[in-house]
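Visitor: I am new to this structure and would like a short tour. Please start with a pair of charged side chains.

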Amino acid sequence: MADRLEAVRKCLREFPQEARELYLSESVPCLDQPPSPLEFYREWIGPNKPCIIRNAFSHWPALHKWNPSYLREAVGSKVISVAVTPNGYADAVHGDRFVMPEERRMTFSSLLDIMEQKEEGAGVFYVQKQCSNLMEELLELTGDLETHVPWMSEALGKQPDAVNFWLGEAGAVTSMHKDHYENLYCVISGEKQFILIPPSDRAFIPYEIYQPATYHQREDGTFEVVDEENAEKVPWIPLDPLEPDLERYPDYRLARPLHCTVKAGEMLYLPSLWFHHVRQSHGCIAVNFWYDMEFDIKYSYFQLLESLSNTVGGL
């Protein structure tokens, strides 16, 4: 039995190396223009490879219109959902809890006051609600862009499940996780720094189970962590790729993260099931399109890889 278990561990160690040799690059490739739908499906979606695409949305008025004064005039009075945390980490591990942000309702102008430091806000503020908030809360802005990416919609034969608007402080960080979406991430202003890890490295990524909780700001401005009662435990990645604890998670040494910066006017194709960690410049504005992935044989293979990784423990 021990020999069989060691054989599985050996396969899990060698499989990612083979994937890198067969089809993965050592950096994220850049395309100077969007490809045709067929080419994009064949070269990027099918192989599950990320890329940065330039000139993909240069025709959007948002690129030159979305500054604070315009946004104040267009949507300043709109009440939106803003994630507020003490440390910038929303939906992340904090101690022995998986902690979600305080969801605060505030006008867009109030948020801009904090972004422009006209008003001091205790905590870190981030518009990050991922339920198609552009379409639900900021519909007035949709005339400044397309509400889908035509060549992506044609490639997949579907419309996006969600179109999300992002705006936040430099301290706002998205912890390492994966999504079941084909993601087109468009930076309107500022820049985003991504750390990407392919699904084939799953065995090197630690998961633990956590009690879910939520940040709540007290009247004195400090934050407390309040447990979600009767909520199911949450599996999440405790590792911070910026400062990985390699003594606690030694298998992460075998991972091969890709680092890329997506600048204003650029689009990142982030394939489904890729692990990613995100930082940003202060006041960065972005819009992303989530297209539901195909739950086909590739998904089944990943589920097998995940099950094996969870079963064998350390490598």
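Guide: Arg-42 and Glu-43 are paired in a salt bridge, and their closest N and O atoms are 3.3 Å apart. A salt bridge here is a side-chain nitrogen of Lys or Arg within 4 Å of a carboxyl oxygen of Asp or Glu. This is a predicted model, in which local features need pLDDT of at least 70 and side-chain atom pairs count only at pLDDT 80 or more, while totals for chains, interfaces and linings use all residues. Residues are numbered from 1 along each chain as its sequence is written, and side-chain values use heavy atoms, with hydrogens and water left out.

Visitor: Is Arg-42 buried, partly exposed or exposed?

Guide: Arg-42 counts as partly exposed because its relative accessibility is 49%. Buried means under 20% relative accessible area, exposed over 50%, and partly exposed in between, using a 1.4 Å probe and protein chains only. Glu-43, at 35%, also counts as partly exposed.

Visitor: How many salt bridges does the structure hold?

Guide: There are 20. In one of them, Glu-102 meets Arg-104 with an N to O distance of 2.9 Å. Glu-102 is buried at 15% relative accessibility, whereas Arg-104 is partly exposed at 22%.

Visitor: Which pair links distant parts of the chain?

Guide: The side chains of Glu-306 and Lys-178 meet in a salt bridge of 3.5 Å, N to O. Glu-306 is in helix α8 (residues 297-312) and Lys-178 is in the loop between β10 (173-177) and β11 (181-189), 128 residues apart. Helices (H or I, at least four residues) and strands (E, at least two) are DSSP runs, numbered from the N terminus. Glu-306 is buried, with a relative accessible area of 15%, and Lys-178 is buried too, with 17%.

Visitor: What does His-276 touch?

Guide: Leaving out residues up to four places away in sequence, His-276 touches Ser-175, Met-176, His-177, Lys-178, Asp-179, Ile-195, Leu-196 and Leu-270. Contact means heavy atoms within 4.5 Å. His-276 sits in strand β18 (residues 275-280) and counts as buried, at 5% relative accessibility. A polar atom of its side chain lies 3.0 Å from the backbone oxygen of Trp-274.

Visitor: Now the nonpolar core. Which residues touch the most other members of the largest one?

Guide: Those are Phe-40, Trp-66, Met-152, Phe-165 and Leu-184, in a core of 48 residues. Helix α5 (residues 108-115) gives this core its largest share, 5 residues. A nonpolar core is a set of buried Ala, Val, Leu, Ile, Met, Phe, Trp, Tyr and Cys residues joined through side-chain atoms within 4.5 Å. Apart from it lies another core of 20 residues, including Ile-52, Ala-172, Leu-268 and Leu-270.

Visitor: Why would such side chains be together?

Guide: In soluble globular proteins, nonpolar side chains tend to be buried together.

Visitor: And pockets? What volume does the largest one have?

Guide: About 560 Å³. It is lined by 27 residues, and the closest to its centre are Tyr-23, Pro-199, Lys-298, Tyr-301 and Phe-302. Helix α8 supplies the largest share of the lining, 7 residues. On a 1 Å grid over the protein atoms alone, a pocket is an open set of points with protein on both sides within 12 Å along at least five of seven lines, a cavity is a set where a 1.4 Å probe fits but cannot get out, and lining residues have an atom within 4 Å of a point. Grid points are joined across faces, edges and corners, and a volume is the space filled by probe spheres set on the points.

Visitor: How many cavities of 30 Å³ or more are there?

Guide: The structure holds 2. The largest cavity has about 50 Å³ of space, and among the residues that line it are Tyr-23, Leu-24, Lys-49, Leu-258 and Trp-274.

Visitor: Last topic: the backbone. What is phi at Asn-230?

Guide: Asn-230 has a positive phi of about 60°, although it is not a glycine. Asn-230 lies in the loop between β14 (223-227) and β15 (234-236) and is exposed, with a relative accessible area of 83%. Asn-55 also has a positive phi, near 60°, and is partly exposed at 47%. Most residues other than glycine have a negative phi.

Note on methods. Polar contact = N/O pair within 3.5 Å; in protein donor to acceptor, adjacent residues only side chain to side chain.
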